Amino acid sequence: MLLRIIHHTRYRYRTPVLLAQHLAHLRPLERQGQQVIEHQLSISPEPAQWLQGLDAFGNWRCFFALQSAHDKLDVSADSLVRTSPPGPLPDSPAWEQVRDGFRYHAGASYEPATEFTFASPYVPLDEAFAAFARPVFTPERALLDACEALCGKIHQELQYETASTQVNTPALQALAQGKGVCQDFAHIMLGCLRSLGLAARYVSGYLLTQPPPGQPRLIGADASHAWVSVWCDGGWHDFDPTNDRCGSPCPGEDYVTLTLGRDFGDISPLRGVIQGGGAHSLQVEVTVAPAEEYEQLCADSSSPPAATDPGGSAAD
């Protein structure tokens, strides 16, 4: 599947920003089942400094600095990505066996995935998470089978509700209130797995969605998405509790992986530090569409793009 992703962020400041430093994670990853054909990052005003490279998790990041006064900032990422259908989840060992492999043993070789078993700023280790997961993590159950069951449990027992949480809402709070958005569902699943001693990482990306029957696709009406990747037997396997989908290495060819980390805090699409600015407004527009359809949408569009609600997604 050939997908076009446009991720546009607009800041408008009440008073001028004098100096600013920003970090963007907006280039999709090259990985199994995913190839980046084209990528362009546009920034206005033009940065005085611009540096791209890989972070500690292997994600592409771009640091840029603005050293002159400005009252607005526009950052637009345009990516063309080819995806392939994933395979089914493979057979896996018992979850206790995988858990025990992360425990320290004298003379044992180091497993890099172990770093994803610990607490992170957005995802603490807590008995509440473990208690929620235990009904499906029965003794000697295959790990990936249990993860698929946990994915379904979160999907069924928690309510997806736009704007029910904020970007910094603690995962335990989202679990207690029984509702949230995709970022919360991913953080809750991470908390459950890590609290049982398993390795899991946060995945940020995009999902091709379909407009309601009889309605056209809208430019700018999509949002970022988030799901979970679990380490088992030498590889990572993905689970999306928001939509109850899973696969290896990703939940589907309609998914595009942007970044990987311990939680959302590691891989926010755009963050920064500014001097000045006062109050500001933020608008995020995301479009995910088949490449040919996107070109036709642009040709037919005669109205401004529809804006997404950044508070209701794992967006900026």
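I counted 13 salt bridges, taking a salt bridge as a side-chain nitrogen of Lys or Arg within 4 Å of a carboxyl oxygen of Asp or Glu. The model is predicted, so local features need pLDDT of at least 70 and side-chain atom pairs count only at pLDDT 80 or more, while totals for chains, interfaces and linings use all residues. Residues are numbered from 1 along each chain as its sequence is written, and side-chain values use heavy atoms, with hydrogens and water left out.

**Entry on D78 and R4.** I looked up D78 and found a salt bridge to R4, with the closest N and O atoms 2.6 Å apart. D78 lies in strand β5 (residues 70–83) and R4 in strand β1 (residues 2–24), so the pair ties together parts 74 residues apart in sequence. Strands (E, at least two residues) and helices (H or I, at least four) are DSSP runs, numbered from the N terminus. I then checked exposure, where buried means under 20% relative accessible area, exposed over 50%, and partly exposed in between (1.4 Å probe, protein chains only). D78 is partly exposed at 22%, and R4 is buried at 14%.

**Entry on R31 and D238.** I found a salt bridge between these side chains at 3.8 Å, N to O. R31 lies in the loop between β1 and β2 (34–44) and D238 in strand β10 (residues 235–240), so the pair ties together parts 207 residues apart in sequence. R31 is buried at 19% relative accessibility, and D238 is buried at 0%.

**Entry on E157 and K153.** I found their side chains in a salt bridge at 2.9 Å, N to O. The two residues are four apart in helix α3 (residues 143–157), about one helical turn. E157 is partly exposed at 48%, whereas K153 is buried at 13%.

I traced five strands in an open, antiparallel sheet, in the order β11-β10-β9-β8-β12; two strands pair if DSSP finds at least two bridges between them. β11 (245–247) and β12 (255–261) stand at the edges with a single partner strand each, so one side of each has no neighbour in the sheet. Three bridges join β10 to β11, and I found F239 bridged to C246 in β11.

**Entry on the helix over the sheet.** I saw α3 lying across β9 (224–232), β10 and β11, where contact means heavy atoms within 4.5 Å.

Note on methods. Axes are lines fitted to C-alpha atoms, for helices over the stretch in contact, and angles run from 0 to 180 degrees between N-to-C directions.
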